[in-house]
Amino acid sequence: MIQFFPAELLHIILACCAPGHLHTIAAVCHEWENATQDRRGTISKLCLAPFDIKKPFTCKIFGAPEGLSGIKDEGVTVFASACASGALPLLTKLSLWWNQIGDIGLSAFAAAVGNGALPNLKTLELGLNNIGDAGCTSFASALGSGALPLLSDLCLEDNSIGEAGLTAFATALTSGALPQLQVLDLNSNRIGDSGLNVLASACASGALSPLTALCLADNQIGDAGIIALTTVLGNETRPLLQVLRLSLADNQIGDAGVTALALAVGSGALSSLRELYLNCNQIGNVGLTALATALSNGTLPLLTELSLYRNQIGDI
């Protein structure tokens with residue numbers, strides 16, 4: 001399944017992956033069918049993930065089912081060095097899903113993009129890795145310096161990012177980083193109420209105004225965090241007005257939190273919302289009544305999906 005694969009990129013990929021753990025390399029590189037030496041760098045999409053866990057990408061690496069280790073910090077450092085030297089200048093999509101990338105690897109990648117590597121990147125997927133606060137802080141510093149100005153889709157799902165990392169990220173956003181970001185996936189991290197508070201403050205400053213999807217499921221968020229977010233959503237500037245999808249599932253949100261959300265919605269916040277996920281929380285009849293009242297007034301006219309399963313709702 002290897003077709004028209006540039007030797008210099010194959011070298012980079014093999015250097016990134018632990019020997020003995022490659023099962024198949026399948027690649028169809030953008031515009032390389034009749035490629036010549038003067039057309040290097042025309043690859044627009046690249047996936048370096050052990051499994052095809054989402055959808056087909058232009059380039060895929062599959063790991064062997066047994067003993068798969070995935071890409072580690074050393075591999076990402078090699079890849080970052082190649083990018084910093086000018087490789088892949090037209091790359092628009094990079095997936096590093098489901099590897100073993102930690103703070104050291106992300107810091108190396110951050111240094112490369114902070115120096116202007118991958119200027120055309122629009123989608124970056126770093127989910128299911130081992131990224132913590134230190135790595136997120138380095139990445140945020142690069143973003144704050146103007147890196148990845150065209151990025152529209154950022155996935156950091158299922159890592160170990162907490163309040164410190166998110167505070168650095170929110171500070172970068174407040175300074176004008178990622179002006180075109182539309183999708184932010186922070187599902188399954190450890191941001192908590194404090195982390196959501198600082199993200200809400202960034203939104204209040206005007207950051208993330210183009211955002212259409214905000215994913216905060218499984219983040220140890222309780223009523224205090226939701227109240228901080230909804231207080232911002234309900235103010236006169238109406239931040240996040242273009243959000244179509246909001247996921248707050250699998251947290252610790254109770255009646256107080258969802259009542260605050262209902263009040264914000266009732267005041268005109270999130271009027272473009274189409275999908276709202278509140279499943280797997282601690283919402284009871286009081287919170288559901290407040291939400292139902294807001295919805296009955298037509299405050300979310302475009303809503304097509306509302307998820308409330310596995311809460312504490314009974315007969316009303």
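Two axes count as roughly parallel when the angle between them is under 35 degrees, as roughly antiparallel over 145, as roughly perpendicular from 65 to 115, and as oblique for the rest. The axes are lines fitted to C-alpha atoms, for helices over the stretch in contact, and the angles run from 0 to 180 degrees between N-to-C directions.

The structure is a predicted model, in which local features need pLDDT of at least 70 and side-chain atom pairs count only at pLDDT 80 or more, while totals for chains, interfaces and linings use all residues. Residues are numbered from 1 along each chain as its sequence is written, and side-chain values use heavy atoms, with hydrogens and water left out.

The protein chain has 9 helices and 12 strands. Helices (H or I, at least four residues) and strands (E, at least two) are DSSP runs, numbered from the N terminus. Of the 316 residues in the protein chain, 51% are buried, where buried means under 20% relative accessible area, exposed means over 50%, and partly exposed lies in between (1.4 Å probe, protein chains only). A contact is a pair of residues with heavy atoms within 4.5 Å. Among contacts between residues at least 6 apart in sequence, 88% join residues at least 24 apart.

The helix pair α8 and α9 packs with axes 8 Å apart, at an angle of about 10°. The two helices, α8 and α9, are therefore roughly parallel to each other. On the α8 side the contact involves Asp255, Val258, Thr259, Ala262, Val265 and Gly266, which meet Asn285, Val286, Gly287, Leu288, Ala290, Leu291 and Ala294 of α9. By class, the residues in this contact of α8 with α9 are 8 nonpolar, 4 polar and 1 charged. In this classification Ala, Val, Leu, Ile, Met, Phe, Trp, Tyr, Cys and Pro are nonpolar, Asp, Glu, Lys and Arg are charged, and the others, Gly among them, are polar.

Another pair is α3 and α4, whose axes come within 8 Å and cross at roughly 5°. That angle is why α3 and α4 count as roughly parallel to each other. Asp103, Leu106, Ser107, Phe109, Ala110, Val113 and Gly114 of α3 make the contact with Asp133, Ala134, Gly135, Cys136, Ser138, Phe139 and Ala142 of α4. The contact of α3 with α4 divides into 8 nonpolar, 4 polar and 2 charged residues.

In α7, the buried residues are Gly225, Ile226, Ala228, Leu229, Thr230, Val232 and Leu233. Their cover includes α6 and α8. Glycine 225, a residue of α7, is buried at 0% relative accessibility. Not counting residues up to four places away in sequence, glycine 225 touches Asp193 and Leu196. Leucine 196 is 29 residues from glycine 225 in sequence, but the two are 5.6 Å apart in space, C-alpha to C-alpha.

The interior can also be followed through its side chains. A nonpolar core is a set of buried Ala, Val, Leu, Ile, Met, Phe, Trp, Tyr and Cys residues joined through side-chain atoms within 4.5 Å. The largest one has 78 residues, of which Leu118, Leu124, Leu148, Leu154, Phe169, Leu208 and Leu270 touch the most other members. Elements giving two or more residues to this core include α2 (73-84), α5 (163-174) and α6 (192-204). The largest share, 6 residues, comes from α5. Phenylalanine 169 touches Cys136, Ala140, Leu143, Leu154, Leu178 and Leu184, leaving aside residues up to four places away in sequence.

Polar side chains are found in buried positions too. Asparagine 99, in the loop between β5 (93-95) and α3, counts as buried at 7% relative accessibility. A polar atom of the asparagine 99 side chain lies 2.9 Å from the backbone oxygen of tryptophan 97. The side chain of tryptophan 97 makes a polar contact (3.1 Å) with the side chain of glutamate 125. A polar contact is a pair of N or O atoms within 3.5 Å; within protein, one must be able to donate a hydrogen and the other to accept it, and residues adjacent in sequence count only if both atoms are side-chain atoms. Glutamate 125 lies in strand β6 (residues 123-125) and is buried, with a relative accessible area of 3%.

Two loop residues remain. Most residues other than glycine have a negative phi. Aspartate 218 has a positive phi, near 55°, and sits in the loop between β9 (213-215) and α7. Cysteine 280 has a positive phi of about 60° and lies in the loop between β11 (275-277) and α9. Aspartate 218 is partly exposed at 32% relative accessibility, whereas cysteine 280 is buried at 15%.
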